[in-house]
Amino acid sequence: MSTFDFPWLSAMIALPAVAAMAIPFLPDKEGKTIRWYTLGVAIADFALMIVAFWHNYDFQNSGFQLVEKYAWVPQLGLNWSLAVDGISMPLVLLTGLINTLAVFAAWKVTNKPRLFYAMMLLMYSAQIGVFTAQDMLLFFLMWEVELVPVYLLISIWGGAKRRYAATKFILYTAAASIFILIAGLGMAFSGDTFTFDMVELGLKEYPLALELALYTAFLIAYGVKLSIFPFHTWLPDAHGEAPAPGSMILAGVLLKMGGYALIRFNMEMLPNAHVYFAPILAVLGVVNIIYGACCAFAQTNLKRRLAYSSIAHMGFVLIGIASYTELGISGAVLQMVSHGLIAAALFFLSGVTYERTHTLMMDKMGGMAKVMPRTFALFTAGSMASLALPGMSGFVGELMIFLGISTSDVYSSSFKIVVVFLSAVGVILTPIYLLSMLRQVFYGKQSEELHLDEFVQDIKPRELFITACLLIPIIGIGLYPKVITQAYDVKTVELAEHAREALPVFAGKQPVSLYSQVFSAPTLANANVAELIK
């Protein structure tokens, strides 16, 4: 670890939060000053991230960097402890980019603009806090703070069923958060020392029964956020009713919080339990992929179809986490970054389409390619990235995950064949439902209720700029993945080695007959034990 004089991470969190508190006092009647002020704060915070990581982040260091630790509430053992490593740093940058563009996308919000932009900045701050917190209690507080702005964004500025969607969101996510608190307290009180420091918690030795219980609690909590089947049902409703900026953040950042936490807590801090649960994660990943793709077919609402697509893509993240290979884990991180960019672009473009047609029902659209050709071209580019077209970031992430799981020596050949085959079926289904979506929206028969003519405006310069800011990194990562993978390669190697250290112990125990079939246990128990420990 290394410490820097300037508190970079604290500044990243504090700037949006403090700026949000100042919004009620700004003199502004129509909301124009507030939106420029909010955009300026978002850009400044994103620029602060770039400067901090450009000058102070070492790509060859797998440990925590930009470390800050201050006693906050000593009586509770709560410290203001922040740091980043190869897993969190790319996600912090993704948070900065998506939130900044979401603020720019909300340019036409006129209903309660002060509250809207204050919630956008507060959410921005809390998301950075989740990815940088190194104190378990601080992590939980940031996780909870982030829920309130999302609830308000959906319930006030959402669609016709916004209250139902917002209530469902808060019930699912708040109930799941209880498991974080319970598991965190269980880890803190375990052993001879009491601490919320996440580094120290990761070094503790937990009884296997306790570790399995902790892993289960975290899996439920983060599975809800990642929208793992069957905890996913809040997501299509939330996306279907959220305003476009809210959907950009939901898909671009919030889902990634669940994936990040699964790597940070379940895989890194509870490696022994991860051995037992890794095959389950792989199976759940396959279920997400197939189930999400099949459900997407049945959706006539544009945003709900994209929401189920997100559920399917998060299945690849689970398979990568379960792979036990550097390539698979690296692919999972890349998939999170890639999907964040792609989903934000698609949900923003769905908002652009909604502004022109005032409907999200695909069966009421049609013929839009003639009057909105540039929108069609950009929507097509985003869809191509989502279906993993070579040359775009989605292809690289999914390919790395496929190679990671298929080359893993942890699982039996039959298990790997089934996982890869069923995942490949999901990959085949993805272009079918995405291309049919494009055909129906842009080339289908125009509904009599929809009146499109030459006076309908195509995508505007502001909207084109937002989309370009997302598509450029999508293509850049697709053509040169090292631009992002170099940030976490060293860390993923360390993670894979750390997780594999528990495998020889597991192979010797053979606790459940199911796992003796799923894992190549006899090989591990004999020839490869010494190699795995290295």
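## A first look around the model

Phe194 counts as partly exposed because its relative accessibility is 42% (buried means under 20% relative accessible area, exposed over 50%, partly exposed in between, with a 1.4 Å probe and protein chains only). This is a predicted model, where local features need pLDDT of at least 70, side-chain atom pairs count only at pLDDT 80 or more, and totals for chains, interfaces and linings use all residues. Residues are numbered from 1 along each chain as its sequence is written, and side-chain values use heavy atoms, leaving out hydrogens and water.

Now for the inside. The largest nonpolar core has 188 residues, and those with the most contacts inside it are Met12, Phe53, Phe139 and Tyr222. A nonpolar core here is a set of buried Ala, Val, Leu, Ile, Met, Phe, Trp, Tyr and Cys residues joined through side-chain atoms within 4.5 Å. Helix α13 (residues 326-357) gives the most to this core, with 16 residues. Helices (H or I, at least four residues) and strands (E, at least two) are DSSP runs, numbered from the N terminus.

Take Tyr222: not counting residues up to four places away in sequence, Tyr222 touches several others, including Phe139, Trp143 and Phe265, where contact means heavy atoms within 4.5 Å. Ser383 sits in helix α15 (residues 373-386) and counts as buried, at 0% relative accessibility. Leaving aside neighbours within four places in sequence, Ser383 is in contact with Leu346, Leu434, Met437 and Leu438.

Next, the strands. β1 (residues 65-73) pairs with β2 in the antiparallel sense over six bridges; two strands pair if DSSP finds at least two bridges between them. Glu68 has Leu82 of β2 as its bridge partner. In β2 (residues 78-84), seven of seven residues are buried. One side holds Leu78, Trp80, Leu82 and Val84, and the other Asn79, Ser81 and Ala83. Four residues lie between the strands in this hairpin, where Gly77 takes a positive phi near 75°.

Some backbone angles deserve a look too. Most residues other than glycine have a negative phi, and most peptide bonds are trans.

| Residue | Phi |
|---|---|
| Leu66 | near 50° |
| Tyr324 | about 65° |

Leu66 is in strand β1 and is buried at 3% relative accessibility. Tyr324 lies in the loop between α12 (302-322) and α13, and is buried with a relative accessible area of 1%. As for the peptide bond from Phe229 to Pro230, this one is cis, with omega near 10°.
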